[in-house]
Amino acid sequence: MVDLRLQVVATVLGMVALAAAAGGSSSSGKQSEFQEVTVDAIHQGFKNGSLTSTALVRFYLDQIARLNPLLHAVIEVNPDALAQAARADAERSASRGRCAVGLHGIPVLLKDNIATRDRLNTTAGSLALLGSVVRRDAGVVARLRRAGAVILGKANPSEWSNFRPVESGWSARGGQTLNPYVLSATPCGSSAGPGVAAAANMAAVTLGSETDGSILCPSSFNSVVGIKPTVGLTSRSGVIPITPLQDTIGPMCRTVSDAVHVLDVIVGYDELDAEATGAASKYIPHGGYTQFLRIHGLKGKRIGVLDVFFQGYDDMQLAVYEKHLDTMRQQGAVVIKNLDITTNFTDLGEQEILLMAAEFKLSINAYLSDLLYSPVRSLAQIIAFNKAHPVEERLKDFGQPDLIAAEKTNGIGTRERAAIQRLKEISTNGLEKLMKEHQLDAIVAANSDASSVLAVGGYPGIAVPAGYDKQGVPFAICFGGLRGYEPRLIEIGYAFEQATKVRRPPTYKS
């Protein structure tokens with residue numbers, strides 16, 4: 001597999017050659033137009049002939065070459081990205097623009113736990129999986145390819161999706177991802193790379209994964225929109241797992257509209273994740289999700305505010321959140337304050353971790369056994385690999401306590417079954433009861449503060465940029481709901497975004 005630095009050199013040289021062959025038609029003025037470009041604007045450019053997939057891919061490869069040495073958001077670029085773009089351009093030309101829909105010809109970056117059956121690695125950021133060969137594309141990647149998307153490369157995760165207690169955004173393969181707004185601030189994780197890459201215009205759109213907070217948190221800290229779908233709405237097949245009870249794949253993009261375009265492409269049944277996708281497919285609306293991009297989507301919505309999800313913030317940030325609640329009211333929402341989840345959920349984290357350890361061992365061993373080739377074939381071998389490579393894997397700094405604890409588990413036993421039951425009780429008697437009693441369309445939270453409650457119930461959430469603190473670090477507002485509530489959350493999130501228009505490009509402050 002090709003080292004990223006070599007790929008970047010090859011990419012730059014390839015871009016120079018291609019630009020020369022094209023007569024130097026790609027001007028810096030034209031390239032500046034690609035900054036912050038949306039999926040809808042890309043489609044318009046495709047249709048009127050002012051833009052090609054090839055030009056767009058060149059722009060993003062150039063952005064990666066320029067910014068990645070600083071940000072470490074991308075682990076690998078796809079050596080076949082320009083060829084895929086050229087194919088998309090040819091298809092569009094042959095169809096006279098009719099295929100300029102969905103994500104056709106649009107470059108997508110994937111978190112490095114999402115498998116691709118191509119020349120890219122899939123490693124969850126770990127050197128232990130470098131060179132491993134997957135049997136097939138992940139379910140969501142198969143859908144992206146069928147839609148004609150260009151797979152641009154892999155984005156840097158927190159290694160093993162934070163199942164090792166590493167610094168947020170660090171992996172042995174990709175190094176430390178930095179926040180593009182304030183370089184010393186956390187990018188959060190574990191989908192740090194996708195969030196930073198989307199924010200810094202290193203891709204049109206990106207895909208992340210979440211078990212508990214891994215889309216919502218980096219979206220919050222990097223001023224992008226993240227959608228954490230209902231568990232099972234998107235397939236997890238071919239994604240390096242943590243727990244099938246909570247894992248979900250979702251978009252991380254600069255706008256709600258872009259994220260919804262991606263969501264429309266990646267949802268649906270997958271026989272390789274049959275139980276979860278079969279159960280959730282009933283939630284997919286006829287006509288897809290873009291129909292819910294409604295400017296007046298807040299009108300008549302009942303939104304609950306739980307004080308527990310707004311604790312620990314300074315007066316300035318809380319004042320911004322209050323202003324946003326006022327905006328929601330002005331847009332026709334009914335905002336219900338001072339709500340509380342009445343059931344005791346103080347043991348949520350303890351039960352979640354207990355169950356996650358057993359689920360991780362079962363899931364990762366199953367994933368590894370299905371690979372066509374892998375340097376490691378079990379969790380025990382991953383632990384041994386890290387011990388054998390302590391410097392590269394920064395074992396002294398981070399250790400691997402969660403991996404070791406998981407290895408000591410023996411499947412789903414009495415304690416684990418009790419934890420499953422307890423988490424179901426917390427969800428049923430907690431958020432579900434609250435939302436039904438108050439007839440809520442959504443709850444609202446600061447950043448990813450509601451992520452654990454959403455995670456253990458398999459519930460969806462959407463993070464939307466809400467502001468910047470005194471140092472310039474972004475923060476977000478998150479709308480969450482019950483399983484299948486994506487249409488309502490999209491209406492609310494889009495209307496909020498359009499009413500506030502908070503997001504601004506990164507500042508790269510040191």
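1. In this note, two residues are in contact when heavy atoms of theirs lie within 4.5 Å. Helices (H or I, at least four residues) and strands (E, at least two) are DSSP runs, numbered from the N terminus. This is a predicted model, in which local features need pLDDT of at least 70 and side-chain atom pairs count only at pLDDT 80 or more, while totals for chains, interfaces and linings use all residues. Residues are numbered from 1 along each chain as its sequence is written, and side-chain values use heavy atoms, with hydrogens and water left out.

2. Let's start with two helices. Ser-53, Thr-54, Val-57, Arg-58 and Leu-61 in H4 meet a set of H5 residues, among them Ala-81, Leu-82 and Asp-89. The axes of H4 (residues 53-71) and H5 (residues 81-94) come within 8 Å and cross at roughly 155°. Axes here are lines fitted to C-alpha atoms, for helices over the stretch in contact, and angles run from 0 to 180 degrees between N-to-C directions. That crossing makes H4 roughly antiparallel to H5 (under 35 degrees is roughly parallel, over 145 roughly antiparallel, 65 to 115 roughly perpendicular, the rest oblique).

3. Now look for the rings: the structure holds 9 aromatic pairs. Rings of Phe, Tyr and Trp (its six-membered ring) pair if their centres lie within 6.5 Å; planes under 30 degrees apart are stacked, over 60 edge-to-face and the rest tilted. Phe-310 and Tyr-321 have ring centres 5.3 Å apart and planes at 75°, so this pair is edge-to-face. Phe-310 sits in the loop between strand S9 (302-306) and helix H11 (315-330) and Tyr-321 in helix H11, so the pair ties together parts 11 residues apart in sequence. Phe-310 and Tyr-321 are both buried (under 20% relative accessible area; over 50% is exposed, in between partly exposed, with a 1.4 Å probe and protein chains only). Phe-310, Tyr-313, Tyr-321 and Phe-475 form one aromatic cluster.

4. Do check two arginines as well. Arg-394 lies over the face of Trp-170, 5.3 Å from the ring centre, and Arg-488 over the face of Tyr-485, at 3.9 Å. A charge sits over a ring if NZ of Lys or CZ of Arg is within 6 Å of the ring centre and within 35 degrees of the ring normal.

5. Finally, some backbone details. Most residues other than glycine have a negative phi, and most peptide bonds are trans. Asn-201 has a positive phi of about 60° and is buried, with a relative accessible area of 1%. Gln-439 has a phi near 50° and counts as exposed at 60% relative accessibility. The peptide bond from Gly-189 to Ser-190 is cis, with omega near 10°.
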